[in-house]
Amino acid sequence: MAIIRDIMPAFELFQPATVGDALGLLDQHGSDAWVLAGGLDSFDWLKDRIKRPKVVIDLSQVSELRGIKEVAGGLEIGAMTTLTEVVRNPIVKEKFAILSTGAELAASPQIRNQGTIGGNVSQDARCWYYRGGWKCYRAGGNICFADTPTAVNREHAILHADRCVAVNPSDSAPALIALEAQMVIRSVKGERVVNAEDYFVGPDIDITHMTVLKPGELLTAIRIPATWAGAQFYFEKVRDRQVWDFPLMNVASAMVVNGGNIEKIRIVVNAAAATPLRLTAVENAVRGQPRNPATGEMAGKLAVVGAEPLRYNGYKVPLMRNLVKRAISGVEEAKWA
Amino acid sequence: MGLVQFATNPWGQNVPIHIEFVLMWAAAIGGLAFLMVHAIYVQFVAAKTAHTYAMTDQAAALAGIPEKVHRHSLVARLFHWIMSLAMFALLITAFLPRMGYPFAWVEYHWIAGLVLTASIIFHIFHASFWMDFWSIWPDKVDIEDAKRRWKLATGKSSPQPRKFAKYPMENKMYHLIIVLAGLSVTLTGVFMMKRVRTPFFVRNPYLFSDMTWGMMYVLHGLAGVGLIGLIMAHVYFALRPEKFDITKSMVGGSITREHYLEHHDPERWVVTSK
């Protein structure tokens with residue numbers, strides 16, 4: 001069981017100044033290396049003494065990983081850019097407001113000042129059995145403590161659970177998927193670019209990882225194309241404490257409406273499964289339909305088909321249904337006629 | 001690093017959770033080493049120490065032996081190939097993700113496991129009531145002859161071994177080991193289905209104590225990696241030229257009269273032209 005201590009286990013600390021140096025270190029130390037971005041996820045693990053990496057590679061000195069620049073009408077955001085910088089960036093606010101809204105709803109101002117966009121999308125699951133240091137499936141064991149007859153699993157998955165029922169807790173990830181963002185991953189062997197929705201990996205495929213990052217690889221940037229610039233956006237996050245908390249669920253949608261009908265749409269929910277879920281069935285069903293409460297109602301019902309709630313998270317089914325309904329309508333349900 | 005991984009459960013007990021997956025590579029390398037050693041032995045050593053068989057009075061028995069000697073019924077052959085497919089599916093789904101090729105394997109794994117379990121249950125009944133049940137188990141003559149072959153191979157004096165009954169001794173030993181490994185993986189595997197979501201069981205990881213579950217996972221893992229080596233050996237022997245007649249009989253059902261006369265004792269495996 002985890003006991004928070006003041007002193008972390010000993011490790012060798014590297015603070016590279018360039019991406020090249022960081023990649024060299026990652027290549028040299030492979031799976032022994034731990035990448036430290038803002039530290040909000042890392043320090044929990046290290047101070048709990050659950051993760052004991054031999055080597056920590058602190059990216060805080062790599063200036064080329066910071067900043068937001070315009071590229072061909074879209075944006076390229078360095079992975080070490082803080083959430084506050086993302087929230088305050090005028091181009092993000094103007095063209096991709098869904099991302100600034102999502103990032104602003106993550107955690108607290110202090111955490112957003114320190115936490116990075118790369119860290120937010122790459123953070124580990126927040127299941128307390130797992131974070132508590134129990135040897136569950138995600139930790140390489142053979143049991144999910146959250147999916148037992150007596151487990152406390154209010155925050156866990158209602159969809160696509162496969163042995164592990166933890167969810168992805170990111171607030172920026174669904175916005176990035178809705179915006180068709182791409183993740184730039186580099187290693188000493190070169191660069192690969194994956195779509196944001198393919199960046200996340202579920203327990204059915206790899207139960208001990210949340211992303212497709214392999215040892216030696218580093219998320220260096222996130223590219224947002226111009227495709228959805230200025231579209232109609234909706235982001236809503238539901239959490240226990242409004243001050244700061246991880247999402248019980250969130251929804252992000254980007255759509256183009258023409259003559260009152262939905263012409264193009266991407267809609268994503270997070271904290272419903274181990275990966276952010278792009279609801280392609282909903283997108284197909286509402287495309288060409290009027291953007292109104294009836295379409296939202298239909299979309300909400302479709303979104304939760306196949307949901308399998310656990311003992312204490314049955315509320316997530318109507319929650320997801322309503323979030324999708326509201327995301328499609330674009331206004332809060334109380335204001336509907 | 002040991003053979004088994006342990007973890008502390010919420011009650012503070014140190015329990016086994018599964019095997020060290022490096023054993024997968026150990027089994028593959030061990031299997032490969034065995035094949036190479038065997039191939040070298042057959043090529044360079046066995047020929048020099050080749051023995052003949054002790055002859056029995058076969059005149060009466062030989063009279064009615066047909067050109068094609070029936071060895072495996074259609075049902076037995078179908079069982080074998082269904083079991084083979086299930087076994088390969090199980091090995092691929094179990095170990096490919098561990099080798100760095102991740103995919104959603106769990107559902108395919110338990111489906112293949114159910115096919116294997118069903119085929120084994122069928123085989124037990126079929127062998128018990130419709131086949132010569134004892135023909136696949138080593139008997140006293142097999143053990144005596146194995147000793148004779150070992151003595152002759154190591155240069156000691158011994159009477160010549162007799163020809164085989166329906167199944168050679170190595171066939172029988174392989175069957176025995178595969179029975180142990182197969183029953184281990186299927187019995188543990190069926191219980192392990194209580195730990196994952198399937199249409200058949202309500203998930204309940206508390207069906208047994210953590211220690212019992214741990215032992216079950218370890219046994220499943222050990223039998224699983226053991227099967228890597230066993231299957232490698234099986235495929236190797238199936239492809240060896242001197243065994244190829246037997247392999248073909250698993251497709252066509254029969255061996256040639258010549259093969260029968262060369263390797264089998266008509267008094268221990270009685271064949272009629274019927």
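Q: Which residue of β5(A) is the bridge partner of A:V71?
A: The partner is A:G74. This is a predicted model: local features need pLDDT of at least 70, side-chain atom pairs count only at pLDDT 80 or more, and totals for chains, interfaces and linings use all residues. Residues are numbered from 1 along each chain as its sequence is written, while chains are lettered from A and ligands numbered from 1 in the order in which they are written.

Q: Why are β4(A) and β5(A) said to pair?
A: Strands pair if DSSP finds at least two bridges between them. β4(A) and β5(A) have four, in the antiparallel sense.

Q: Which residue takes a positive phi in the hairpin of β4(A) and β5(A)?
A: A:A72 does, with a phi near 50 degrees. Two residues lie between the strands of this hairpin.

Q: What makes β5 and β8 of chain A partners?
A: Strand β5 (residues 74–78) and strand β8 (residues 218–224) of chain A are joined by four bridges in the antiparallel sense. Several residues of chain A face each other across the two strands. A:L75 is opposite A:I224. A:E76 is opposite A:R223. A:G78 is opposite A:A221.

Q: How many bridges link β6(A) and β8(A)?
A: There are five, and the pairing is antiparallel. A:M183 stands opposite A:I222 in β8(A).

Q: Why do β4 and β7 of chain A count as edges?
A: The five strands form an open sheet in the order β4-β5-β8-β6-β7 (chain A), with antiparallel pairing. β4 (68–71) and β7 (190–195) each have a single partner strand, so one side of each lacks a neighbour in the sheet. From one strand to the next, the twist averages 25 degrees.

Q: What makes β8(A) mostly covered?
A: Six of its seven residues are buried. A residue is buried if 20 or more other C-beta atoms lie within 10 Å of its own, exposed if 12 or fewer, and partly exposed in between, with C-beta atoms placed from the backbone. β5(A) is also mostly covered: four of its five residues are buried.

Q: Which helix lies across β6 and β8 of chain A?
A: Helix α1 (residues 19–29) of chain A does, running at about 65 degrees to β6(A). Axes are lines fitted to C-alpha atoms, for helices over the stretch in contact, and angles run from 0 to 180 degrees between N-to-C directions.

Q: Why is α3(B) called oblique to α7(B)?
A: Helix α3 (residues 74–95) and helix α7 (residues 210–239) of chain B pack at about 125 degrees, with axes 11 Å apart. That angle makes α3(B) oblique to α7(B). Under 35 degrees counts as roughly parallel, over 145 as roughly antiparallel, 65 to 115 as roughly perpendicular, and the rest as oblique. The crossing of α3(B) with α7(B) is left-handed; that is, the near helix is turned anticlockwise from the far one by less than a right angle, whereas clockwise gives a right-handed crossing.

Q: Which residues make the contact of α3(B) with α7(B)?
A: From α3(B) come B:M87, B:L91 and B:A94; from α7(B) come B:G224, B:L227, B:I228 and B:I231. Contact means C-beta atoms, placed from the backbone, within 7 Å. Six of these residues are nonpolar, one is polar and none is charged. Ala, Val, Leu, Ile, Met, Phe, Trp, Tyr, Cys and Pro count as nonpolar, Asp, Glu, Lys and Arg as charged, and the others, Gly among them, as polar.

Q: Are α1(B) and α7(B) roughly parallel or roughly antiparallel, and why?
A: Helix α1 (residues 22–46) of chain B packs on α7(B) at about 25 degrees, with axes 8 Å apart. The two helices are therefore roughly parallel. Their crossing is right-handed. Residues in the contact include B:G30, B:G31 and B:F34 of α1(B), and B:G226, B:G229 and B:Y236 of α7(B). The contact divides into twelve nonpolar, four polar and no charged residues.

Q: How many helices and strands does chain B have?
A: Chain B has nine helices and four strands. Helices (H or I, at least four residues) and strands (E, at least two) are DSSP runs, numbered from the N terminus. Buried residues make up 22% of its 274 residues.

Q: How many residues of chain A are in contact with chain B?
A: 13 residues of chain A touch 14 residues of chain B. The chain A side has four nonpolar, three polar and six charged residues.

Note on methods: Contact = placed C-beta atoms within 7 Å.
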